[in-house]
Amino acid sequence: MVGVGTTGELESVRVTRVLRDDIVLGRRAPGSRLIERDIAAELNVSRLPVREAIRTLVSEGVVVARPRTWAVVREFTHRDIRDFGEVREAIETLIFVFAAERHTDEGIARLRAAYERELAAASAGEVEAARIAAGEFHEISAELAGNDMLSELIGVFVTRLRWLFGQHDDLLAMAEEHRLILEAVEARDTDTLRWMIPRHLASGQEAAERRLSDQAYSA
């Protein structure tokens, strides 16, 4: 029987969301074990929705299933970061160019609201809230692009992208970069976006490379 929480959300969906956010925001470190009974007790659910959540996160590429032992949070390599960075640059440059060409006033208002949430959180030193809002900025831009094929492509690896590139260190600098991107999108300045987006994404990739190096050093 599929459990449903008090908010009407399926238990497996809620558990998946919680675990995904824990991984993306760095609460569960790479290599850490995902023990079904412990997670079930922590989230006050049976082990079945936990098992389903882990299976979903394996398909999203951020958890590794190990036969006859615990699943673990995936440990990425520098090669992973470079490979994903190349794909991300190509796809997200298209996304922001299309968003600039096709956005509506309502869409720009949503994008601006995400930026303002990010800036407010960054100014207050609220790290997780700033990173979440920064992720929303990119997700809203993908919606504004209005291209189902691009949405389908990025949907395949969006969780991995959020984990690899969403844990930037300089929150205010990232918010400032998003302000400049927002202005270019609003002005439909596609030429500026074509050189701006690769540079913006490179800063996230550098942060991911540093984080991976620091983890290897501390180990």
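Author: Let us begin with the word domain: the bounds of a domain come from an automatic or database domain assignment. By that assignment the chain is divided into domain 1 (11–73) and domain 2 (78–218), and the C-alpha centres of domain 1 and domain 2 lie 25 Å apart. The contact between them takes 11 residues from domain 1 and nine residues from domain 2, where contact means heavy atoms within 4.5 Å. This is a predicted model, in which local features need pLDDT of at least 70 and side-chain atom pairs count only at pLDDT 80 or more, while totals for chains, interfaces and linings use all residues. Residues are numbered from 1 along each chain as its sequence is written, and side-chain values use heavy atoms, with hydrogens and water left out.

Reader: What makes a set of residues a nonpolar core, and which members of the largest one touch the most others?

Author: A nonpolar core is a set of buried Ala, Val, Leu, Ile, Met, Phe, Trp, Tyr and Cys residues joined through side-chain atoms within 4.5 Å. The largest such core has 53 residues, and V63, F137, I181, V185 and L193 are the members that touch the most others. Its largest share, nine residues, comes from helix α4 (residues 78–102), a helix being a DSSP run of H or I with at least four residues, numbered from the N terminus. This core also draws at least three residues from each of domain 1 (11–73) and domain 2 (78–218). For L193, leaving aside neighbours within four places in sequence, the contacts are F96, V97, A100, I181, A184, V185 and P198.

Reader: Is L182 buried or exposed, and how do you know?

Author: The relative accessible area decides: buried means under 20%, exposed means over 50%, and partly exposed is in between, with a 1.4 Å probe and protein chains only. L182 has 1% relative accessibility, so it counts as buried. L182 is found in helix α8 (residues 171–186), and, not counting residues up to four places away in sequence, L182 touches I108, L111, R112, Y115 and F137.

Reader: Why is D22 called buried?

Author: D22 has a relative accessibility of 8%, and therefore counts as buried. D22 lies in helix α1 (residues 11–24), and, with residues up to four places away in sequence not counted, D22 touches R27 and R28.

Reader: What makes A90 partly exposed?

Author: A90 has 47% relative accessibility, so it is placed in the partly exposed class. A90 belongs to helix α4, and its C-alpha atom is separated by 8.4 Å from that of P198, although A90 and P198 are 108 residues apart along the chain.

Reader: How do you know how α6 and α8 are arranged relative to each other?

Author: Here the axes are lines fitted to C-alpha atoms, for helices over the stretch in contact, and the angles run from 0 to 180 degrees between N-to-C directions. Angles under 35 degrees count as roughly parallel, over 145 as roughly antiparallel, 65 to 115 as roughly perpendicular, and the rest as oblique. The axes of helix α6 (residues 127–145) and α8 come within 11 Å and cross at roughly 25°, which means that α6 is roughly parallel to α8. The contact is made by V127, A130, R131, A134, F137 and H138 of α6 and L171, H178, I181 and L182 of α8.

Reader: Why are α4 and α8 called oblique?

Author: The axes of α4 and α8 come within 7 Å and cross at roughly 45°, and therefore α4 and α8 are oblique to each other. In this pair, F96, A99 and A100 in α4 meet I181, A184 and V185 in α8.

Reader: What makes α2 roughly perpendicular to α3?

Author: The axes of helix α2 (residues 36–43) and helix α3 (residues 47–59) come within 9 Å and cross at roughly 115°, and so α2 counts as roughly perpendicular to α3. Their contact involves E36, R37, I39 and A40 of α2 and R47, V50, R51 and I54 of α3.

Reader: Why is N44 called exposed?

Author: N44 has a relative accessible area of 69%, so N44 is exposed. N44 is found in the loop between α2 and α3, and its phi is near 60°, a positive value in a residue other than glycine.

How values were computed. Helices (H or I, at least four residues) and strands (E, at least two) are DSSP runs, numbered from the N terminus.
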